[in-house]
Amino acid sequence: MFGIFKKKPKEKLPPEILDVDGVQILEGDEVLAQRYELGKCTVELEGLQYFYVSQHSGKKVSYTKMIDAITGDQKVKKVG
């Protein structure tokens with residue numbers, strides 16, 4: 001009541017992201033990007049944010065730029 005029972009701070013986790021088919025995407029996965037002409041990409045995690053890194057050009061794009069406005073899923077397709 002008087003600060004005796006303190007809540008533990010919640011551990012922040014990276015967001016759960018899904019591809020166009022609803023399959024969960026994790027760090028290290030390979031995906032085919034449907035935007036920004038990235039082609040085949042590797043998913044990297046920096047801090048609490050995911051990035052798609054093109055295997056062809058090396059270009060790096062944040063996962064927030066790949067969100068589909070209608071479904072909320074990513075505009076990528078998981079390979080394999």
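Which residue forms a salt bridge with Lys40? In this predicted model, the partner of Lys40 is Glu30, and their closest N and O atoms are 3.3 Å apart. The count of salt bridges comes to 4, and three of them, including the Lys40 pair, are walked through below.

**Lys40 and Glu30**
- Lys40 sits in strand 4 (residues 40-46) and Glu30 in strand 3, so this pair ties together parts that are 10 residues apart in sequence.
- Lys40 counts as partly exposed because its relative accessibility is 35%.
- Glu30, at 32% relative accessibility, is partly exposed too.

**Lys77 and Asp21**
- A salt bridge joins the side chains of Lys77 and Asp21, with an N to O distance of 2.4 Å.
- With a relative accessibility of 37%, Lys77 is partly exposed.

**Lys78 and Asp29**
- Lys78 pairs with Asp29 in a salt bridge whose closest N and O atoms are 3.1 Å apart.
- Here, too, distant parts of the chain are linked: Lys78 belongs to strand 7 and Asp29 to the loop between strand 2 and strand 3 (30-33), 49 residues apart.
- Lys78 counts as partly exposed, at 27% relative accessibility.
- Asp29 has a relative accessible area of 16%, so Asp29 is buried, the cut-off for that label being under 20%.

- Side chains of opposite charge can pair when their charged atoms come close.

Definitions and conventions: Residues numbered from 1 in each chain as written. Predicted model: local features only at pLDDT ≥ 70, side-chain atom pairs only at ≥ 80, totals over all residues. Heavy atoms only, no water. Buried < 20%, exposed > 50% of the residue type's maximum accessible area, 1.4 Å probe, protein only. Helix = DSSP H or I, 4+ residues; strand = E, 2+ residues; numbered from the N terminus.
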